[in-house]
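Dear colleague,

I am handing over the structure we spoke about, and below it you will find my notes on what turned up. Please read them with the structure open beside you.

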Amino acid sequence: MAVFSVLGALQAIGEDGPIEFGGPRQRSVLGRLLVARGQVVPVGRLISDLWRDQPPPGAAGSIQTYVSHLRRALEPRRTIRTPARLLVTVPPGYALRAEHVDAWRFEDLVRQGSRRLLDGDAAAAVAALEEALALWKGPAYLEFASADWALNEIARLDELRATAVEQRASAVMALGTPGSVIADLRAHLAEHPLREEGWRLLATALYRQGRQGDALAALREARRMLVAELGVDPGPALRRLEAGILAHSPELDLPGPARTAGWDDQAARPRLPRDLPVGDIPVRGIATRETGPHGTPAEPGAAAVPPATSTEPPGAGSAAAASPAVPTVADGAVLLEISTAGPATALTAAPGGGEGRVRLFGRRSELSLLLDRSEGVALVSGEAGMGKTALVEEAAAVRAGQGARVAIGRCPATRGAPPGWAWTEILRTLTTAVPFDTAESVRAGSVRGEGFHGRRAVAAHLRAAAAEAPILLVVEDLHRADRETLDTLVEVVAATAGAAVAVVCTFRQEEAGRLAGTMAALARREPLRIALRGLRPGAAAGLVTAVAGVPVTRPALTAVAARTGGNPFFLRETARLIAAEGEAAALTTVPAGVRDVLAARLAVLPARVRTVLGEAAVLDAEVPGAHARGVDLDVLAAVHGGGEDAAMDTVLDAAEVALLAGLLVEPGGGGLRFASPVLRDTVYGAMPRLRRARTHARVAAVLERLRPDEAAALAHHHALGGDPVRAARYALTAAERADLRYARRESGLTRGQGARPARDYASVARDRLRETQSPPTGASLL
């Protein structure tokens, strides 16, 4: 019997040695039958797959010829009258009855290794997983990497291999030798940089080697990658690990096996220490406590979204009873908790403790709107970091706890995914509970390449499944969707009208230009539209306090809420900065994760728009840390064009692009303003120092001509533009005016009725220039 190898180049070894399979199309027939894993492949499907819907007139005869040649190669001693045993004819096509395929052996070994790891037998797990990984001699189905019919199988095997690498690392670490997996994990993450489990294992291994700094650096790199590529925060496992490392949790030193999810055992997910002390968290006068299973305190930073389902092993606890969500914090800050005491998911209010974990802040009304939507489509929009995923996952968890079938599909940020990948993910989830019972032209778990009939079949399947239980479908990051995903969405929403099928889509409004046609089609179905804005001050304060895990003063909370515009991701990153470096740093420094996200948004803008934004940032930062005046368009145009009339048109065109991208806003008093000070500071910080200095000098020259009475602003720009003499003169003038206003308020005298004794204006000027952060200029006044 032949032994086939597909983990690398397609090969086979028969009784007489290596088998020759002939030309590319003949080899493709064999590869296509191997992908089918013993199932019958109709002749029509073989023709379509080999010639991509453009078959020659004699395609069926060519397939018969290829099969005949393959049979002779696979069974050279078979006589003409003897039926084929390996490549058999089964109307309406062919099937390959292979028994020895390295990919199948690989799957068996990974299954064994996963079970051994779950049983605590780390040595046996390592042996099985190393044998499995040794079977790989190159990329799976190497010569068919560009064939549509092979893409799903290649992706499945690659995913399984990545899981096996992580499971092996976990098993080796359980044996007490974490150092031996560090190099392997780094190579693994170079190939799969978005796998959070790989980052978790690498950081854990580094920490157990006594390399705490390297472990934290790995976690920072993981956060950077996730934010840059997906616009999301690290998941709960990475956040718990970071908190444990910072707290020197003794549980991280234990060599016991860190169980990883087996490919056939999704309930067995890794559980890192969760009982890290946090204590009471004061939020605007209301004390709450973050708690984990069995009432133990949960990890710091639990305000971010954990998985929607419990990670307890089966039978570890009983489901908590669901109770309605109730606001528990003033000013719109709502603390909602997901019970993790058992396998079921329940939403409960958190008036001051109890089992569960903090989930959302300030999204009470939006969550209620989603939960009230039992059919039709809902569109959730917002800029990166605004909490779209957190909101829809919360709603999904609640609906799942109420008995609905929930499936989530994500439009990938990386290239190379098959068309309609989000629906492939959704169908794979749903068909585990409801088999995909339709014509062979539409396979369960895949809508790739099926076109109109495939989309109709998917919609029909969902409508039929909704008769048994309500369905909630989530399509994430719709702004990245391909044409097949969008067309399937429109078909599903139209075909399931009136059925218990609710579809929730998330997207970034500033990147939604390509969705105009889809939005127009969905508008006929009267979608629920939820545009997420920044959190209100009370909710923002609660989030910052919860994530920081340290006391934060009320003025700092107010300043952080204003500085971040209430963006939950910005708030979380700033809270971590407060915990690490104190309140002062949070009010003057842009956290690295926030800077990376905003830099990605800015990078897609035309160069002329970025130039105007840089000039606007210089103007808007007249008083460091302030965010009150905004940008005067006349001054900005003069700075940009040196007085030319065409400059205003250029500035207005650039401003329109920035407004549509959500980077600028138009306050009620006119002019422009950055959406948040942290965005302005990011733009300002990205400018080279020389360009910043020259722009400050140009601004100073324009202000002297157009706004000569603004002495404080002129002092600021001259100081940063490299003219200390003029900076000093304007600083003295500004100080004198400020002192005069102060004297009148204190004495109650009006002009001509008296004056205060003269003050040391040079001292005031020094203070003013120190505010401009220009040490050379300040020194010249001493």
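In the pairing of strands, A378 stands opposite V504, which belongs to strand 15. This is a predicted model, and the strands concerned, strand 12 (residues 376-381) and strand 15 (residues 501-507), pair in the parallel sense over six bridges. Both belong to an open sheet of five strands, whose order is 13-14-15-12-16 and whose pairing is parallel. At its edges are strand 13 (405-410) and strand 16 (528-531), each of which pairs on one side only. On average, and with direction ignored, neighbouring strands of this sheet are turned by 15° against each other. Across strand 13 and strand 14 (471-476) lies helix 13 (residues 421-430), which runs at about 155° to strand 13.

On the cysteines, the structure holds zero disulfides. As for accessibility, C411 counts as buried at 3% relative accessibility, and C505 counts as buried at 0%.

Turning to charged pairs, a search of the whole structure finds 36 salt bridges. Side chains of opposite charge can pair when their charged atoms come close. One of these salt bridges joins the side chains of E131 and R105, at 3.0 Å from N to O, and this pair links distant parts of the chain, with E131 in helix 5 (residues 122-134) and R105 in helix 4 (residues 102-118), 26 residues apart. E131 is partly exposed, with a relative accessible area of 39%, and R105 is also partly exposed, with a relative accessible area of 37%.

A salt bridge also joins the side chains of R156 and E107, at 2.7 Å from N to O; here R156 lies in helix 6 (residues 148-174) and E107 in helix 4, 49 residues apart in the chain. R156 is partly exposed, with a relative accessible area of 28%, whereas E107 counts as buried at 4% relative accessibility.

In the salt bridge between R168 and D184, the closest N and O atoms are 3.4 Å apart, and the pair links helix 6, which holds R168, with helix 7 (residues 182-191), which holds D184, the two residues being 16 residues apart. In this case R168 is buried, with a relative accessible area of 15%, while D184 counts as partly exposed at 38% relative accessibility. Elsewhere, R223, D233, E242, R572, E573 and R576 are linked in a network of salt bridges.

H188 counts as buried at 5% relative accessibility, since buried means under 20% relative accessible area.

Notes:
Residues are numbered from 1 along each chain as its sequence is written. This is a predicted model: local features need pLDDT of at least 70, side-chain atom pairs count only at pLDDT 80 or more; totals for chains, interfaces and linings use all residues. Side-chain values use heavy atoms; hydrogens and water are left out. A salt bridge is a side-chain nitrogen of Lys or Arg within 4 Å of a carboxyl oxygen of Asp or Glu. Helices (H or I, at least four residues) and strands (E, at least two) are DSSP runs, numbered from the N terminus. Buried means under 20% relative accessible area, exposed over 50%, partly exposed in between (1.4 Å probe, protein chains only). A disulfide is a pair of cysteine sulfur atoms within 2.5 Å. Two strands pair if DSSP finds at least two bridges between them. Axes are lines fitted to C-alpha atoms, for helices over the stretch in contact, and angles run from 0 to 180 degrees between N-to-C directions. Contact means heavy atoms within 4.5 Å.
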